[in-house]
Amino acid sequence: MNTVLKKNVTVLNHPVINHNLAIIRNKKTDTQNFKQALKTISYALIYEASKNIPTKTIEVETPLMKTDCEVFDDNSQLIIAPILRAGLGFCETASEILPFANIHHIGMYRNEETLEPVWYYDKDKKILEDKSRVYTIILDPMLATGNSALDAVKNFINKGVREENIVFMSLISSPEGIEKLSNAYPAIRIVTASLDKGLNSKGYILPGLGDAGDRIFNTIPE
Ligand code: URA
């Protein structure tokens, strides 16, 4: 069962998700098991995040008869936007489930003093003239301070994507990040697997999982 926290914020709540979150949070979990648990949760998050992408009805012939089936509408454009580097942890699964999507890499790192995002990459594909048909799912496992999330959403709004067609998908979110993002952009959807307690003074989520990029890519400092 999912919990709708406030309008447009969905926190997945399911024993499979919770079991895998426990694996992910545990500092003793190695990279292989971390990535496996992340993949398992990613499926559920991506199904939820993609549920508003337009569909159309087509006729399909089974071995027995003709029938109407619902498929994604190829007149729409779907952009999947992983924020480097931790967003890559979701990207393979998202692209596997939604192979027709354009993958738009966003390069941003956090200035550890100001906690503000610093851009270094924005690899887009031309978006459709008719912006009402453009849908974007932004991927970042950690919605912490909300600063990079805000910048990433603003980037798509500036390109003409409609706020209501944007989904921000995270594994773990802080109340501060959700507040900041949904106050600035009330029409976007936020889909997450956990709402944690808050942030520490360095902007890390508590209890969280530590540094998501380091855990995914096995670069945890000694
Ligand atoms: N980024 C991370 O990887 N972890 C946090 O807790 C916050 C931001």
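Select helix α1 (residues 15-25) and helix α2 (residues 31-49) in this predicted model. Two packed helices are described by the angle between their axes and the distance between the axes. Here the axes come within 9 Å and cross at roughly 150°. Angles over 145 degrees count as roughly antiparallel, and α1 and α2 are therefore roughly antiparallel to each other. The crossing in which α1 passes α2 is left-handed.

Next, show the side chains where the two helices meet. Which residues of α1 meet α2? They are V16, I17, N20, L21, I23 and I24. On the α2 side, select N33, F34, A37, L38, T40, I41 and A44. Sorted by class, this contact has 10 nonpolar residues, 3 polar residues and no charged residues.

Now move to helix α4 (residues 147-158). At 1.5 Å a residue, its 12 residues should span 16 Å, and this agrees with the end C-alpha atoms, which are 16 Å apart. Colour N147, A149, A152, V153, N155 and F156, the buried residues of α4. An α-helix has 3.6 residues a turn, so residues three or four places apart point the same way. Then select G160, which follows α4 and has a positive phi, near 105°.

For the last stop, select L64, in the loop between β3 (55-61) and β4 (66-72). Is L64 buried or exposed? Exposed means over 50% relative accessible area; L64 has 80% relative accessibility and therefore counts as exposed.

Notes: Residues are numbered from 1 along each chain as its sequence is written. This is a predicted model: local features need pLDDT of at least 70, side-chain atom pairs count only at pLDDT 80 or more; totals for chains, interfaces and linings use all residues. Side-chain values use heavy atoms; hydrogens and water are left out. Helices (H or I, at least four residues) and strands (E, at least two) are DSSP runs, numbered from the N terminus. Buried means under 20% relative accessible area, exposed over 50%, partly exposed in between (1.4 Å probe, protein chains only). Axes are lines fitted to C-alpha atoms, for helices over the stretch in contact, and angles run from 0 to 180 degrees between N-to-C directions. Angles under 35 degrees count as roughly parallel, over 145 as roughly antiparallel, 65 to 115 as roughly perpendicular and the rest as oblique. A crossing is left-handed if the near helix is turned anticlockwise from the far one by less than a right angle, and right-handed if clockwise. Contact means heavy atoms within 4.5 Å. Ala, Val, Leu, Ile, Met, Phe, Trp, Tyr, Cys and Pro count as nonpolar, Asp, Glu, Lys and Arg as charged, and the others, Gly among them, as polar. The expected span of a helix is 1.5 Å times one less than its number of residues.
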